[in-house]
Amino acid sequence: MKVLGKGSEKMVKSRSLKKTILLVDDDPEMLWVFSKILSEEGYKVITAEGGKKALAEIEKGEPDLVILDMVMPGMDGIQTLKKAKEIDENLLVIILTAYGSIESAVEAIKLGAYDYLTRSIDNERIKIVIKNALKTRSLTRKVTNLQEQLGEKFKFSNIIGNSSQMQKVYELVKRAAPYDITVLLQGETGTGKELIARAIHWNNSRADKPFVAIDCAALPETLAESEIFGYEKGAFTGADRRKLGKIELAEGGTLFLDEVGNLTPATQVKLLRALEERKIEHLGGKKPIGINVRVIAATNVDLTESIKKGLFREDLYYRLNVFSIFLPPLRERKGDVLLLAKHFLQEFNQKLNRDIKGFSPEAIKMLLKYQWPGNVRELKNAVESAVLLADDIILPEHLLLNMQKMNPIRYLLSDEVNDKLGINRSIELQKSFSLKKMSKTITQKVERELIIQVLKEAHWNKRETARILDIDYKTLYNKMNRYSISY
């Protein structure tokens, strides 16, 4: 066996990446000429004398591009094109003939031909058309692959949760998705409102159209209208060109208004009019522009309370709240925590090229005990960080680093600790037991239990404990002495 050197390896690789062109013609001489020209350009060329032989080659699935003669005995170019498209509707076909006519060109293009060329065109022009056609096919494949990946990502089955609350969400999403009704998603920050919005979009007939998200909370008050509705050249200082708004960019697809409660009163008025009339006007424009978008809105605040405070329009609320879906916080569906954690573990193992086996029993206990104020987003971040830190299995200290960023007391003051302190039960007060004295006593109890809990989670590493509690080592040492804490 001949051993290939590095140069040979590169050659083999480049050969494997060659594009394959199928030449179809009843003239052997023309096949030989074009085969030679295209081979010199670096293409792999296969030939077929006639339509039937061409279809047999297409059935094998090898050609990236077909160059097809129009006039052939038995099965002409149009008939061959029809049959070829039945085999592969995405097949790239260029019609090449000496007998060109507008009628045959139009028919070929209608049947899906990429281009129609006459043999009077010089070879250089043909090479350019072939190169552009193959580039177009490559881009089309990439777009198709991305769409398929996104479709997979936002399937209904990817809405994770076995709890009764999430099963209800799942059923509501399934009901809402096929119809172009406006949906209002309600829930705390981090509960996955955008994930649900995208699942609704990808399971609708608009899936192949744009999904445009607007973070209303991040829009500066002065730019909100121009960003959403667009503007004309000269509409304001610095408007040196016409710009389309987010609504127009979502044409035919879905417009996702995240944190819609943060919109300014003026923008709320304009949005309401746009939704009712299905028309918008650019800032500085005078001509109405028709729109065709599906609207999904999301909020992490109670809009009915915002209405009472005069911060949100009641008529806009009813326009958005056609079909409402409430996403429960993670602390109310503890049964889903471990399910989500394992899902994120698998995701980040793949993303970070790791092979973490799972969670230790202590880590599982920590996951289930924590209140997750940041909801699913916080859990996802915690697992991602832990996957990076762990060697074989996720331990409490791998989770602790991320979870303490929010508020350690929310985790450490679990029901178990509260029971120890008697905080959740009525306290028998003596007449001499003043509020000040009671507060001091409870504070000391909380502080002692908090230090003990962190010490345990940090495996009695005092420096790590001091870091988590955000105190210096000497302060921790003094408090341990005061509260008689020892390992």
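These legends go with a set of close-up views of one predicted model.

**Figure 1. The whole chain, before we zoom in.** This predicted model has 22 helices and 14 strands. Of its 487 residues, 43% are buried. If you take the contacts with a separation of 6 or more, 69% of them link residues 24 or more positions apart. The mean pLDDT of the chain is 82, with 82% of the residues at 70 or more.

**Figure 2. Two stretches to treat with care.** Residues 1-16 have pLDDT below 50, and this stretch has 2 contacts in the model beyond near neighbours in sequence. Residues 420-432 also have pLDDT below 50. Here the model shows 12 contacts beyond near neighbours in sequence.

**Figure 3. Helix α14 against helix α15.** Two packed helices are described by the angle between their axes and by how far apart those axes are. For α14 (residues 337-351) and α15 (residues 361-369), the angle is about 120° and the axes are 9 Å apart. The two helices are therefore oblique to each other, and their crossing is right-handed. On the α14 side, look for Val-337, Leu-338 and Ala-341. Their partners on α15 are Ile-364, Leu-367 and Leu-368. What kind of residues make up this contact of α14 with α15? It's 6 nonpolar, with no polar and no charged residues.

**Figure 4. Helix α21 against helix α22.** This view moves to α21 (residues 462-469) and α22 (residues 473-482), which pack at an angle of about 105° with their axes 9 Å apart. That angle makes α21 roughly perpendicular to α22. From α21, the contact takes in Lys-462, Arg-463, Thr-465 and Ala-466. From α22 come Tyr-473, Leu-476 and Met-480. Sorted by type, the residues of this contact are 4 nonpolar, 1 polar and 2 charged.

**Figure 5. Ser-163, in a loop between two helices.** Ser-163 sits in the loop between α6 (123-153) and α7 (164-176). Is this serine buried or exposed, at 11% relative accessibility? Ser-163 counts as buried, because 11% falls under the 20% cut-off. And what does Ser-163 touch, leaving aside neighbours within four places in sequence? The contacts are with Arg-333 and Asp-336.

**Figure 6. Trp-372, a non-glycine with positive phi.** You'll find Trp-372 in the loop between α15 and α16 (375-389). This tryptophan isn't a glycine, yet its phi is positive, at about 50°. Trp-372 has a relative accessible area of 0%, so it is buried.

Figure 7. Ser-484 lies in the segment after α22. Its phi is near 55°, a positive value in a residue other than glycine. Is Ser-484 buried or exposed? With a relative accessible area of 59%, Ser-484 is exposed, because that value is over the 50% cut-off.

How values were computed: Residues are numbered from 1 along each chain as its sequence is written. This is a predicted model: local features need pLDDT of at least 70, side-chain atom pairs count only at pLDDT 80 or more; totals for chains, interfaces and linings use all residues. Side-chain values use heavy atoms; hydrogens and water are left out. pLDDT is the predictor's confidence in each residue, from 0 to 100. Contact means heavy atoms within 4.5 Å. Axes are lines fitted to C-alpha atoms, for helices over the stretch in contact, and angles run from 0 to 180 degrees between N-to-C directions. Helices (H or I, at least four residues) and strands (E, at least two) are DSSP runs, numbered from the N terminus. Angles under 35 degrees count as roughly parallel, over 145 as roughly antiparallel, 65 to 115 as roughly perpendicular and the rest as oblique. A crossing is left-handed if the near helix is turned anticlockwise from the far one by less than a right angle, and right-handed if clockwise. Ala, Val, Leu, Ile, Met, Phe, Trp, Tyr, Cys and Pro count as nonpolar, Asp, Glu, Lys and Arg as charged, and the others, Gly among them, as polar. Buried means under 20% relative accessible area, exposed over 50%, partly exposed in between (1.4 Å probe, protein chains only).
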